[in-house]
Amino acid sequence: MTTPDFTLERNAYGQLVLTSPTGDRHVGIVPVRAFPIAAPDEGIALVNAEGHEVGWIDSVASLPPALSQLVDEELASREFVPEIEQIVEVSSFACPSTWQVVTSRGQAAVVLKGEEDIRRLSQTRLMIADTHGIQFLIRDIGKLDRHSRKLLDRFL
């Protein structure tokens with residue numbers, strides 16, 4: 001466990017407040033992951049309301065539990081990337097197409113404008129953007145069931 005050279009607390013308005021070793025206070029701190037997909041718990045910048053980095057966390061796991069909880073809560077409220085676990089059906093193999101999917105957050109309908117909205121992040125990971133701007137993650141194509149992979153292959 002490492003103790004950072006700053007303190008982080010939540011104020012009465014629910015905002016994160018960072019106090020530097022020199023006593024400078026920054027209100028409205030936003031944690032930003034440097035590598036959200038590849039290493040989500042490593043390399044987190046603490047950015048102030050003006051967009052300037054005022055703190056850095058090498059690893060969330062190395063923080064004291066109270067500080068780790070604050071950072072995790074803020075990241076969870078800020079990020080919403082449901083994971084697609086199953087593709088139930090697609091309306092058409094031509095775009096635009098509506099996909100009925102089961103995600104880590106429940107069932108959803110994803111409207112795909114074009115095949116370019118499917119981005120390959122790695123050999124096994126995909127990010128799919130729907131028309132409403134919501135990003136959906138397929139963490140591992142190989143873990144999808146056979147029917148889902150067959151539907152997905154038509155778009156890749």
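**Note on the predicted protein chain**

1. Charges first. The protein chain carries 15 positive and 22 negative charges, and their mean positions lie 9 Å apart. Lys and Arg count as positive, Asp and Glu as negative; His and the chain ends are not counted. Each charge is placed at NZ of Lys, CZ of Arg, CG of Asp or CD of Glu.

2. Basis. This is a predicted model, in which local features need pLDDT of at least 70 and side-chain atom pairs count only at pLDDT 80 or more, while totals for chains, interfaces and linings use all residues. Residues are numbered from 1 along each chain as its sequence is written, and side-chain values use heavy atoms, with hydrogens and water left out.

3. Confidence. Mean pLDDT (the predictor's confidence in each residue, from 0 to 100) is 90 for the protein chain, and 99% of its residues reach 70 or more. Confidence is lowest in helix α1 (residues 65–78), with a mean of 86. Strand β7 (residues 84–90) is highest, at 96.

4. Elements. The protein chain has two helices and 12 strands. These are DSSP runs, numbered from the N terminus: helices are H or I of at least four residues, strands E of at least two. From the N terminus, the order is β-β-β-β-β-β-α-β-β-β-β-β-β-α.

5. Extent. The C-alpha atoms of the protein chain fill a box of roughly 60 × 30 × 25 Å along the principal axes.

6. Burial. Of the 156 residues in the protein chain, 37% are buried (under 20% relative accessible area, 1.4 Å probe, protein chains only).

Key
Buried < 20%, exposed > 50% of the residue type's maximum accessible area, 1.4 Å probe, protein only.
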